[in-house]
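Hi,

Here is the structure I promised to send over. Have a look first, and then read on for what I found in it.

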Amino acid sequence: MSALTAGTDLYVGIQLVSPGLTWDISCFGLDAADKLSDDSYFIFFNQPKSPEGAIQKLGEQSGDTDSFRVTLDQVPDKIHKLSFCAAIEGSGSASQIQSGYLRLVAGGQEVLRYSFTGADFGTERAIIITDLYRKGVWRVGAVGQGFAGGLADLIRSYGGEVDDEPAAPPAAPPSFAPPQQQPSPGFAPPPQQAAPS
């Protein structure tokens, strides 16, 4: 990460262009064993913020299908990896993705973009896109791994428990509003992008 930016207040934007598919995009905060040992670090539409606010789901922003704000220096030590994933709601497969990316933005400037298409996948119903992880310092790794099951199976693979299938996300994503307190220096959402044609 230090080769990309000195900033620790990051915007993570994810775009998935796949007409006819609806995606649940989430972030899993995993422990040293790559497990979701604390359900409060599963950040998704029904739980858009970690307890201390270090990971926040912002929703659709700046041309991105979904986005997150991650303040790395506030992530508790027990969280060793932030895994950004997407799962199809309903029928379909990841091979239907026309184009997709995950991008990191620091201080309003894009510092990394990982692009992919459905050609990178087969019949999988979920994808593990990118990990931010600690190895002495915070690092980033593009994963691009398909996952056969849907969201519930992905949660179980990380050691989480699923009582029943999650409810549908709200019809309209919440609009972005800056935190009440002054944001950390360096955080700025990226400039508006034109929607893909």
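The protein chain averages a pLDDT of 86, and 83% of the residues score at least 70 (pLDDT being the predictor's confidence in each residue, from 0 to 100). This is a predicted model, so to speak of local features I needed a pLDDT of at least 70, and side-chain atom pairs count only at pLDDT 80 or more, while totals for chains, interfaces and linings use all residues. Residues are numbered from 1 along each chain as its sequence is written, and side-chain values use heavy atoms, with hydrogens and water left out.

Where pLDDT is low, the predicted coordinates should not be read in detail.

Now the overall layout. The chain has one helix and ten strands, running β-β-β-β-β-β-β-β-β-β-α from the N terminus on. Helices (H or I, at least four residues) and strands (E, at least two) are DSSP runs, numbered from the N terminus. Of the 197 residues, 47% are buried; buried means under 20% relative accessible area, exposed over 50%, and partly exposed in between (1.4 Å probe, protein chains only). Of the contacts with a separation of 6 or more, 67% are between residues 24 or more positions apart.

Two strands pair if DSSP finds at least two bridges between them. Within this sheet, strand 2 and strand 6 (residues 81-89) are antiparallel over nine bridges, and Cys27 has Phe84 in strand 6 as its bridge partner.

Strand 7 (residues 99-106) is worth a look too. Seven of its eight residues are buried, so strand 7 is largely enclosed by the rest of the structure. Strand 7 pairs in the antiparallel sense with strand 1 (residues 9-17) over eight bridges, where Leu10 stands opposite Ala106. Strand 7 also pairs with strand 8 (residues 109-116), again antiparallel, over seven bridges, and there Leu104 is opposite Leu112. Strands 7 and 8 form a hairpin with two residues between them, and Gly107 in the turn has a positive phi of about 60°.

Which residues are linked in a network of salt bridges? They are Asp64, Arg103, Glu110 and Arg113, where a salt bridge is a side-chain nitrogen of Lys or Arg within 4 Å of a carboxyl oxygen of Asp or Glu. The Arg103 to Asp64 bridge has its closest N and O atoms 3.1 Å apart. Because Arg103 lies in strand 7 and Asp64 in the loop between strand 4 and strand 5, this pair ties together parts that are 39 residues apart in sequence. Arg103 is buried at 2% relative accessibility, and Asp64 is buried at 0%. Arg103 also bridges to Glu110, at 3.2 Å between the closest N and O atoms; Glu110 is partly exposed at 34%. The whole structure has nine salt bridges.

Arg156 is partly exposed at 42%, as is Asp153 at 36%. By contrast, Leu154 in helix 1 is buried at 0%. Leaving out residues up to four places away in sequence, Leu154 touches Phe28, Cys85, Ala126, Ile128 and Phe147.

Most residues other than glycine have a negative phi. Asp34, in the loop between strand 2 (22-30) and strand 3 (42-43), has a positive phi near 60° and is partly exposed at 35%. Ser62, in the loop between strand 4 (55-57) and strand 5 (66-71), has a positive phi of about 45° and is buried at 10%.

Cheers

Notes
Contact = heavy atoms within 4.5 Å.
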